[in-house]
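User: I have a two-chain model open and want to go through the geometry. Can you take my questions as they come?

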Amino acid sequence: MTPALRADRLGKRYGHAWALREATFEVPSGAVVGLVGPNGAGKSTLLQMTIGLLEPTEGQVTVFGATSRANRADTLGRVSYVAQDHPLYREFNVSDMFRFGRRMNPTWDQALAERRMATLGIPLRRKIKRLSGGQQAQVALAMALAKRAPLLVLDEPVASLDPVARLEFMREVMAAVADTGLTVVIASHVVSELERICDHVIVLTGPRQGARAEVSGVVVQRTDSDRHSVAVVRTHPGRPDPAGWQAKPVGFEELVLAYLQHPASADLVPGQADPRPGSVAKAVSR
Amino acid sequence: MTWVTWRQHRSEAIGALAFVGALALLLLKVSGPMHAQFSQDGLAGCVAAGARSGGCLSEIQSFMNKFGFTFNQLLIALILIPGLIGIIVGAPVLASEFEHGTWRMAWSQTVPRTRWLVTKLVLLTGGLVALGAAMTVVFTWYRGPMDQLAGSLTWAAFDFEGVVLTAYLLCAFAFAVLAGLVIRRSVTAMVAAFIPWLVIRGVVDLELRPHFRQPLTLRLPRSANIRFGPNMVPPMTGHLGDNVLGVTTTASHHLVSYQPADWFWRLQFIEAGLYLALAVAALGAAVWLLHRRAT
């Protein structure tokens with residue numbers, strides 16, 4: 001089956017500096033995938049190459065088997081995108097924004113966009129600047145969904161929203177996934193949010209790394225020091241805990257943080273779903 | 001895209017319409033007495049006769065004394081207007097998308113950004129041509145009687161009539177679009193576009209225009225009075241509308257260097273062509289740079 005998204009040794013260089021390099025991974029169709037990484041790890045660069053805003057320096061990224069090329073209608077039409085802070089024209093009202101979407105996208109589904117606004121109670125006549133941040137995010141999401149592209153890319157969609165608006169936004173995303181079998185890629189710093197909704201995460205640790213991990217099943221190492229030490233270790237079922245240590249199952253957030261702090265210790269083969277059969281993650285503390 | 005462009009620029013369009021209306025009203029009020037005096041004195045007949053009779057000359061003299069300053073010098077106050085309109089419309093086209101982050105939304109729609117920009121530029125250029133033409137009509141009508149006497153080659157007429165005013169406008173617009181892409185801040189881009197526009201305007205007006213074509217030379221006897229300037233009607237050449245650039249005096253003669261009245265359109269097209277070439281170059285660079293941003 002053609003993956004929804006596939007990066008093959010993808011790299012982007014600005015001048016002499018690599019923003020992203022050797023990123024190789026696959027996202028299966030219908031998956032909801034989180035993209036995490038520290039600032040500057042190349043998340044936005046990766047997303048912009050995916051959606052056709054940016055051309056790769058090396059390697060390629062394909063969306064449902066077709067190579068993404070910057071500034072080309074076929075690439076742009078295959079992906080819906082909600083940029084960070086969900087930018088919209090502030091002086092437009094909601095129906096102006098939808099008319100903009102209709103004029104800019106041949107596949108536009110006006111009924112879908114208007115239905116979403118009716119459900120959410122957002123008046124079509126209201127100016128964007130008079131909407132709350134959560135409502136603006138919902139308008140941006142409605143525009144992305146009305147484009148009817150099979151892949152939805154969200155760049156930090158909830159970073160600027162309050163907890164309730166976050167919940168509502170993610171609920172709408174997941175409802176759309178359930179309705180249409182959409183594939184979703186979400187870049188976010190809010191790791192706990194990703195744990196709730198994502199089937200997979202892609203951890204970008206720096207310009208050279210690019211790896212996808214199943215949410216459960218990857219084991220890496222991490223050490224905190226002083227009186228209390230925590231190590232995330234790769235272990236096997238049945239192996240006894242080391243003397244003087246207390247073992248507990250490792251949490252998703254701990255796992256992701258371990259990756260981000262010690263990318264070198266994460267001996268994960270890029271692009272492979274299951275890093276090592278039989279391995280079990282454990283956080284061990286003394 | 002037509003609707004998108006209209007929706008984003010309709011307040012500018014309404015503002016431009018209001019501006020032209022206000023300008024027309026103002027100029028109507030200012031020029032009313034001149035138009036009235038011109039027909040009352042029967043100066044059209046003098047112009048038709050080439051302003052040779054003594055009666056005509058004194059009529060013209062008093063007319064010029066009365067209106068010359070207002071209509072030949074005061075127009076300098078308006079010389080910056082095409083540039084200001086151009087930068088106000090041009091700078092935000094790309095800069096405001098960067099300022100508000102909306103470029104990420106606008107350029108990730110199915111219509112590629114270069115087509116988005118080209119369509120916008122074509123439509124905005126069309127609107128500015130219409131605006132420039134309307135302003136030209138207003139100015140030309142306003143100066144009508146004065147043009148018949150003093151000609152249209154002095155800068156107070158030349159810079160506001162024919163096709164150059166629209167070309168100035170488009171040139172400033174193009175500079176500002178490009179500056180908006182490079183600088184990404186509307187107000188800074190306006191300033192950055194206005195300065196080169198103003199410098200070019202100055203250089204062309206003062207240095208280049210007299211040399212677009214080699215001026216003609218008229219040899220006059222030493223006894224002739226040296227007098228030139230926009231308010232000297234008829235000029236030293238004796239032919240209404242000629243533009244005297246300078247006089248060199250030799251031992252036996254005055255050599256009058258001048259542009260004849262019927263060069264008006266030729267000089268207009270040369271100058272407009274210069275500004276339009278600059279405008280096309282700047283807009284082309286903007287489209288190319290926007291395309292190249294992706295790599």
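User: At roughly what angle do the axes of α1(B) and α6(B) cross?
Analyst: They cross at roughly 5° and come within 8 Å. Axes here are lines fitted to C-alpha atoms, for helices over the stretch in contact, and angles run from 0 to 180 degrees between N-to-C directions. α1(B) and α6(B) are therefore roughly parallel to each other; angles under 35 degrees count as roughly parallel, over 145 as roughly antiparallel, 65 to 115 as roughly perpendicular and the rest as oblique. Helices (H or I, at least four residues) and strands (E, at least two) are DSSP runs, numbered from the N terminus.

User: What residue classes are in the contact of α1(B) with α6(B)?
Analyst: That contact has 17 nonpolar, seven polar and one charged residues. Ala, Val, Leu, Ile, Met, Phe, Trp, Tyr, Cys and Pro count as nonpolar, Asp, Glu, Lys and Arg as charged, and the others, Gly among them, as polar.

User: Before going on, what are the ground rules for this model?
Analyst: This is a predicted model, in which local features need pLDDT of at least 70 and side-chain atom pairs count only at pLDDT 80 or more, while totals for chains, interfaces and linings use all residues. Residues are numbered from 1 along each chain as its sequence is written, and chains are lettered from A and ligands numbered from 1 in the order in which they are written.

User: OK, the interface. How many residues of chain B are in contact with chain A?
Analyst: 20 residues of chain B are in contact with 25 residues of chain A. Two residues are in contact if their C-beta atoms, placed from the backbone, lie within 7 Å.

User: Which elements of chain B supply at least two residues there?
Analyst: α1 (2–40), α5 (103–106) and α6 (113–150) of chain B do. α1(B) gives the most to that side, with three residues. By class, the side of chain B that touches chain A divides into eight nonpolar, nine polar and three charged residues.

User: What else is in chain B?
Analyst: Its secondary structure comes to ten helices and three strands. Along the sequence the pattern is α-α-α-α-α-α-α-α-α-β-β-β-α. The C-alpha trace of chain B spans about 75 × 45 × 25 Å along its principal axes.

User: What order do the three strands take?
Analyst: They form an open sheet, β1-β3-β2 (chain B), with antiparallel pairing. Two strands pair if DSSP finds at least two bridges between them. β1 (216–221) and β2 (243–249) of chain B are the edge strands, and each pairs on one side only. Neighbouring strands of this sheet are turned by 25° against each other on average, direction ignored. Six bridges join β2(B) to β3 (residues 253–259) of chain B, and B:Val247 has B:Val256 in β3(B) as its bridge partner.

User: Switching to chain A. How is it divided?
Analyst: Into domain 1 (5–203) and domain 2 (217–285); the bounds come from an automatic or database domain assignment. Eleven residues of domain 1 of chain A are in contact with seven residues of domain 2 of chain A. On the domain 1 side, β2 (17–27), α7 (191–197) and β9 (200–203) of chain A give two or more residues each.

User: Which way do the residues of β9(A) point?
Analyst: A:His200 and A:Ile202 point one way, A:Val201 and A:Val203 the other, and all are buried. A residue is buried if 20 or more other C-beta atoms lie within 10 Å of its own, exposed if 12 or fewer, and partly exposed in between, with C-beta atoms placed from the backbone. β9(A) runs parallel to β3 (residues 32–36) of chain A, joined by four bridges, and A:Gly34 stands opposite A:Val201.

User: And the four-strand sheet, why are β2 and β5 of chain A left without a neighbour on one side?
Analyst: The order is β2-β1-β4-β5 (chain A), with antiparallel pairing. β2 and β5 (66–67) of chain A stand at the edges with a single partner strand each, so one side of each has no neighbour in the sheet.

User: Last one. Where does A:Trp108 lie, and is it buried or exposed?
Analyst: A:Trp108 lies in the loop between α3 (94–104) and α4 (110–120) of chain A. A:Trp108 is buried, with 21 other C-beta atoms within 10 Å. Not counting residues up to four places away in sequence, A:Trp108 touches A:Gly101, A:Arg102, A:Ala146 and A:Lys147.
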